[in-house]
Amino acid sequence: MALSIQSLLILFTTLLLKETLVVAETCSNCFTHSRAAYYPNSDEQGTDVGACGFGSFGATINGGDVSAVSDLYRNGVGCGACYQVRCTNSNYCSDTGVTVVITDQGSSHDTDFILSQRAFGRMAQTKDAAASLLALGVVDIEYRRVSCSYPNKNITIKIDENSNYPHYFAFVLWYQQGDKDITAVQLCETQNFVCKLLDRSHGAVWTTNSPPSGPLSLRMLLSGEDGDESWIIPVNNIPENWKGGETYDTGVQINV
């Protein structure tokens, strides 16, 4: 009888462990409850002076469905991440909500998100419902991290206009696909493979005051919420005579 009870206990413990693991796996897709507002004095799209440093690109990326965030900004690591955001008022709100890209930092009225007006209205079922949502100003929402997808677009390097060849090099990365964060970037000489770890000056802006010489290659460290990390090496190099304000296609798309 003792063996039988012990066997039952082992079976019960095994089943409980399996259920716990299943819940842990599915909760990576769970929604988190919060509140959202929208930029009150902007046009439909986002702002071109966002804290992520994307400039005018940050106002128009993803069709203007962008957002500022508070805690999710994570000292700039959250820049470029995508979230599904849906409001919870069944009278006005759709089931799917809207997918936004993080381009700025900010909070208002205990919110996690300040959406562009376009994105805020796109949470609604109809145009009339969108008008009602905008009239409310702040609404209850739920959100979750999702993969960013930019069909036919590669990760692109945008050299900051203030970069000064060959003394100061600053850039942001456009079209960050997938659901992982870019947590480190190295700039490497293509001839002798000497690499330099760059500084995140603010938002999504990476800088160095002493860039390597010659044609350059990037290495980007992608980090997931599950602790998984991998280095991505672009196909295309940055030319030796790079210029401020220019964009360079890395030739790399992250599988999502």
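1. Strands E1 (residues 32-38) and E6 (residues 139-146) pair in the antiparallel sense, over five bridges. Two strands count as paired if DSSP finds at least two bridges between them. Strands are DSSP runs of E, at least two residues long, numbered from the N terminus. Thr32 has Tyr143 of E6 as its bridge partner.

2. The model is predicted: local features need pLDDT of at least 70, side-chain atom pairs count only at pLDDT 80 or more, and totals for chains, interfaces and linings use all residues. Residues are numbered from 1 along each chain as its sequence is written, and side-chain values use heavy atoms, without hydrogens or water.

3. Six strands form a closed barrel in the order E1-E5-E2-E4-E3-E6, with mixed pairing. Neighbouring strands of this sheet are turned by 45 degrees against each other on average, direction ignored.

4. Now the nonpolar cores. A core is a set of buried Ala, Val, Leu, Ile, Met, Phe, Trp, Tyr and Cys residues joined through side-chain atoms within 4.5 Å. Buried means under 20% relative accessible area (1.4 Å probe, protein chains only). The largest core has 42 residues; Tyr83, Val85, Phe113, Met123 and Ile141 touch the most other members. It draws at least three residues from each of domain 1 (30-143) and domain 2 (153-250). Apart from it lies another core of 19 residues, including Ile155, Leu173, Met220 and Ile238.

5. Finally, confidence. pLDDT is the predictor's confidence in each residue, from 0 to 100. The protein chain averages 89, and 88% of the residues score at least 70. Over residues 15-25 pLDDT stays under 50, and the model has zero contacts there beyond four places in sequence. Contact means heavy atoms within 4.5 Å.

Note on methods. Buried means under 20% relative accessible area, exposed over 50%, partly exposed in between (1.4 Å probe, protein chains only). Domain bounds come from an automatic or database domain assignment. Helices (H or I, at least four residues) and strands (E, at least two) are DSSP runs, numbered from the N terminus. Axes are lines fitted to C-alpha atoms, for helices over the stretch in contact, and angles run from 0 to 180 degrees between N-to-C directions.
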